[in-house]
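Student: I would like a close look at one chain. Please show it first.

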Amino acid sequence: MGAASSLELSTLLIHCAQAVATDNRRSATELLRQIKQHSSPKGDATQRLARCFAEGLEARLAGSGSQLYRSLMAERVSVVEYLKAYWLYLAACCFKMTAFRFSNRTILKAIAGRKKVHIVDYGVNYGVQWPALLYHLANFEGGPPEVRITGIDLPQPGFRPAVRIEETGRRLSNYARQLGVPFKFHGITVRWDTVCVDDLNIDPDEVLIVNSIMQFGNLMDEGVDIDSPRDVVLRTIRKMQPDAFILHVMNVSFSVPFFVTRFREALFFYSAMFDMLDATAPRDSHQRFLVERHLFRQCNLNVVACEGTDRVERPET
């Protein structure tokens with residue numbers, strides 16, 4: 001059988017999502033068989049996209065989405081491997097890099113002429129935003145200010161919930177020392193809505209910046225709970241009275257409750273992402289495989305196969 005066109009595969013995927021939504025198992029199973037026949041994790045952008053979405057639909061049909069998502073989240077990749085893959089993602093899809101640059105410029109403006117800065121970073125992850133800022137601060141006229149970063153991250157699955165944030169703190173501290181920037185890092189690994197102002201040791205002499213470039217869209221909103229985690233976090237930030245609050249949320253509607261609408265949105269969004277990678281990285285690139293597996297596949301599986309409090313990917317327009 002010849003390869004299906006991207007339009008045919010998209011149509012098959014949407015028909016399959018409609019069958020899954022109405023619990024038409026016979027039709028969904030047959031459509032999944034056809035999609036798998038024409039898809040591959042090593043093919044072109046459309047074939048990789050189709051394989052990724054087929055996995056989510058299959059998990060939703062089987063009711064195993066939450067378990068599969070948790071097992072994916074628990075997979076370990078070395079920091080070096082992950083960062084190499086992440087740099088490929090930043091180079092191919094410029095949105096995050098643009099957000100980092102905008103954020104860093106805003107911070108540099110806010111601290112001009114001041115001697116101390118405290119950055120509270122919700123979703124610090126691997127801290128990839130901060131080396132560029134530390135480099136600029138090292139070259140400040142009159143010497144660098146004192147820099148304090150409080151990195152807030154969700155606990156990692158397994159026996160060492162703080163392992164990623166500890167590694168991030170060590171890496172940033174080493175880099176700041178090389179540059180001669182006075183630096184302190186404090187890591188907090190809890191659900192964001194459990195952090196209160198007292199946990200942050202706010203000093204009125206410091207310029208206070210609240211930054212969130214990652215995962216703010218993952219906070220549960222009013223649709224899930226009356227006093228939603230998103231509202232709790234925003235109220236905490238208001239209490240901090242920061243000099244600047246910098247927020248980056250992807251402009252895409254994954255948070256709609258209607259499954260087929262959400263599926264279409266995700267399909268359009270990720271088709272652009274897979275296309276960008278296909279245009280910038282070879283098909284056999286190990287880094288590209290890691291981006292597709294550990295960034296795209298995880299998010300996609302959560303959007304397609306999880307519901308209720310297990311569905312954490314909730315960006316809005």
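Student: What share of the contacts in the chain with a separation of 6 or more comes from residues 24 or more positions apart?

Tutor: The share is 76%. A contact here means heavy atoms within 4.5 Å. First, a word on the source. This is a predicted model, where local features need pLDDT of at least 70, side-chain atom pairs count only at pLDDT 80 or more, and totals for chains, interfaces and linings use all residues. Residues are numbered from 1 along each chain as its sequence is written, and side-chain values use heavy atoms, with hydrogens and water left out.

Now the fold. The chain holds eleven helices and five strands. These are DSSP runs, numbered from the N terminus: helices are H or I with at least four residues, strands are E with at least two. The radius of gyration is 21 Å, close to the 20 Å that the globule rule gives for 317 residues, so the chain is as compact as a globular protein of that length. That radius is taken over C-alpha atoms, and the rule is 2.2 Å times the number of residues to the power 0.38. Along its principal axes, the C-alpha trace spans about 70 × 45 × 35 Å.

Next, the domains. Domain 1 covers 6–75 + 256–310, and domain 2 covers 94–248. The bounds come from an automatic or database domain assignment. Six residues from domain 1 and four residues from domain 2 make the contact. The C-alpha centres of the two domains lie 32 Å apart.

Last, burial. Of the 317 residues, 49% count as buried, meaning under 20% relative accessible area (1.4 Å probe, protein chains only).

Key. Buried < 20%, exposed > 50% of the residue type's maximum accessible area, 1.4 Å probe, protein only.
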